[in-house]
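Hi,

Here is the structure I wanted to pass on to you.

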Amino acid sequence: MLYHVIIDISKMICHIIYMWSVEFENSAVEKEVTALIKSKKLTADDQAIIHAWIQQISAHGPESIRGDFKWADHALVGEWAGYRSSAFSNSGRIIYRIVDKKIVIKIARITDEHDYKKGRKK
């Protein structure tokens, strides 16, 4: 019986941990990412790494990304002030922000190049 209680508590803790939500900032970002996938500029490996980033930040929050050197996460300045960037490849970046101190991560851009220009169309 004690074993079942431990499992139930474990499930409850896992549910609590996955409180961070990750979504696109707007439909234009989603279209841009879809175009990168269709053009094969985002490879299957890139997509798997981005998925791992989403899993990590969903489960453990943005602090875990900031503290994990493999993501090379850092705050942005200038026109991207208030956003952060995480690397998913040598040149690929996930540009995101936390909305109103809520537990929502908004992905503003995924770029296959180390390109931080806003509104740039390829």
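Let's begin with threonine 43, which sits in the loop between α2 and α3. Helices (H or I, at least four residues) and strands (E, at least two) are DSSP runs here, numbered from the N terminus. Before going on, a word on the ground rules: this is a predicted model, where local features need pLDDT of at least 70 and side-chain atom pairs count only at pLDDT 80 or more, while totals for chains, interfaces and linings use all residues. Residues are numbered from 1 along each chain as its sequence is written, and side-chain values use heavy atoms, with hydrogens and water left out.

Back to threonine 43: its relative accessibility is 37%, so it counts as partly exposed (buried is under 20% relative accessible area, exposed over 50%, partly exposed in between, with a 1.4 Å probe and protein chains only). Lysine 40 is not a glycine, yet has a positive phi of about 65°, and with a relative accessible area of 67% it is exposed.

Now the overall picture. The protein has four helices and five strands, and from the N terminus on they run α-β-α-α-α-β-β-β-β. Of its 122 residues, 35% are buried. Taking contacts (heavy atoms within 4.5 Å) between residues at least 6 apart in sequence, 46% join residues at least 24 apart.

What is inside? The largest nonpolar core has 14 residues, and those with the most contacts inside it are Leu42, Ile50, Trp53, Ile65, Phe88, Ile94 and Ile110. Such a core is a set of buried Ala, Val, Leu, Ile, Met, Phe, Trp, Tyr and Cys residues joined through side-chain atoms within 4.5 Å. At least two residues of this core come from each of α2 (27-38), α3 (44-60), β4 (93-98) and β5 (104-111). There is also a second, separate core of five residues, with Trp80, Tyr83, Ile95 and Ala108 among them. In soluble globular proteins, nonpolar side chains tend to be buried together.

Beyond its neighbours within four places in sequence, isoleucine 94 is in contact with residues including Ile50, Trp53, Phe88 and Ile110. Serine 86 stands opposite isoleucine 94 in β4. Strand β3 (residues 84-87) and β4 run antiparallel and are joined by four bridges (strands pair if DSSP finds at least two bridges between them), and a hairpin of five residues connects the two.

How many aromatic pairs does a search of the whole structure find? It finds two. To pair, rings of Phe, Tyr and Trp (its six-membered ring) need centres within 6.5 Å; planes under 30 degrees apart count as stacked, over 60 as edge-to-face and the rest as tilted. The rings of tryptophan 53 and tyrosine 96 have centres 5.1 Å apart and planes at 65°, so this pair is edge-to-face. The pair links distant parts of the chain, with tryptophan 53 in helix α3 and tyrosine 96 in strand β4, 43 residues apart. Tryptophan 53 is buried at 0% relative accessibility, and tyrosine 96 is buried with a relative accessible area of 0%. In the other pair, tryptophan 80 and tyrosine 83 have ring centres 4.9 Å apart and planes at 90°, so they are edge-to-face. Tryptophan 80 is buried at 5% and tyrosine 83 is buried at 11%.

Glutamine 56 lies in helix α3 and counts as buried at 15% relative accessibility.

Cheers
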